[in-house]
Amino acid sequence: MAMTSILLSDFNFDQNWAYPTLKKYLKKEDKVCICALTFFDDTKSIEDWNKQFKKGQGYFYRLYNDVFHKYGISNIEWIQYYEDSYEQMKQKIENSTVLYIPGGAPDLFMKRIKECRLKKVIKNYKGTIIGVSAGAMVQLNQYHITPDDEYPEFKYLNGLGFVSDFDIEVHYNASNHQKKYIQKVKDEKQLPIYGIYETGGIVCAEKMELFGKVVEL
């Protein structure tokens, strides 16, 4: 089975702008692994992690978990960074058919999968990978970071290499600030760039499919 990449800006992909497209790729028999390794470096302990992601406690738990209920999916596991062994993480990923990489810090995600020895496991993944914001960016061969509150400097960083023939601007809103750096990437990389609004996405499977609000820049 060939790998499918789904690139999104927001985790609201159970809404009407996304459901008609994604129901072709997400089935009730799927097994989801939520790879919650994109958290920022102010999360320093299991207690910090639980406040964000633990069932019944974490702010992000239902936001990330319950979006799959629209597709009839209830078999969902989480990568537990502070508790799981390498073998447990590896098994959760390899036993899944959908790998979900949420938003957050793309550079720290790449650092953590290397630290946890999961980079090869993920690069060899054959199911469907859904990436939101940072989780979309890291699926590219190389992604750019437009300066914002978390990242004050523009930079190019290496990703997983699932997508190599275009670049993306997540959370696109057509601001002059974004357009300035998008032009920089176009001039330097000579690649098409897609602006993905909060209600937009791209599927890269046998063919590329844009859905919701996405623009080629």
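Biologist: Which residue just after helix 8 takes a positive phi?
Modeller: Q190 does, with a phi of about 55°. Helices here are DSSP runs of H or I with at least four residues, strands are runs of E with at least two, and both are numbered from the N terminus. This is a predicted model, in which local features need pLDDT of at least 70, side-chain atom pairs count only at pLDDT 80 or more, and totals for chains, interfaces and linings use all residues. Residues are numbered from 1 along each chain as its sequence is written, and side-chain values use heavy atoms, with hydrogens and water left out.

Biologist: What span does helix 8 reach, and what is expected?
Modeller: Helix 8 has 14 residues and reaches 20 Å from its first C-alpha to its last. The expected span is 1.5 Å times one less than the number of residues. That expectation is 20 Å for helix 8, and the model comes close to it.

Biologist: Which residues of helix 8 are buried?
Modeller: Q178, Y181, I182 and V185 are. The buried residues of helix 8 fall within an arc of 105° seen down its axis, so they line one face. The arc is taken over the directions from the helix axis to the C-beta atoms. Buried means under 20% relative accessible area, exposed means over 50%, and partly exposed lies in between, with a 1.4 Å probe and protein chains only.

Biologist: What lies on each side of helix 8?
Modeller: The buried residues pack against strand 6 (142-145), strand 7 (155-158), strand 8 (167-170) and strand 9 (193-204). Contact means heavy atoms within 4.5 Å. The face turned away from the buried side carries the exposed residues N176 and K180.

Biologist: What makes E188 and K184 a salt bridge?
Modeller: A salt bridge needs a side-chain nitrogen of Lys or Arg within 4 Å of a carboxyl oxygen of Asp or Glu. E188 and K184 meet at 2.9 Å, N to O, so the pair qualifies. The two are four residues apart in helix 8 (residues 176-189), about one helical turn. An α-helix has 3.6 residues a turn, so residues three or four places apart point the same way.

Biologist: Why are E188 and K184 called partly exposed?
Modeller: E188 has 43% relative accessibility, and K184 has 30%. Both values fall in the partly exposed range.

Biologist: How many salt bridges come out of this rule?
Modeller: Five. Another one joins K90 and E94 at 3.1 Å, N to O. Both lie in helix 4 (residues 86-94), four residues apart.

Biologist: Why is D84 called buried, and K92 too?
Modeller: D84 has 14% relative accessibility, and K92 has a relative accessible area of 16%. Each therefore counts as buried. D84 and K92 also form a salt bridge, with the closest N and O atoms 2.8 Å apart.

Biologist: What else does K92 reach?
Modeller: The side chain of K92, a residue of helix 4, reaches the backbone oxygen of W78 at 2.7 Å. Beyond its neighbours within four places in sequence, K92 is in contact with residues including C33, E77 and I79.

Biologist: What of C204?
Modeller: Its closest cysteine sulfur is in C35, 19 Å away, again too far for a bond. The structure holds zero disulfides.

Terms used:
A disulfide is a pair of cysteine sulfur atoms within 2.5 Å. A polar contact is a pair of N or O atoms within 3.5 Å; within protein, one must be able to donate a hydrogen and the other to accept it, and residues adjacent in sequence count only if both atoms are side-chain atoms.
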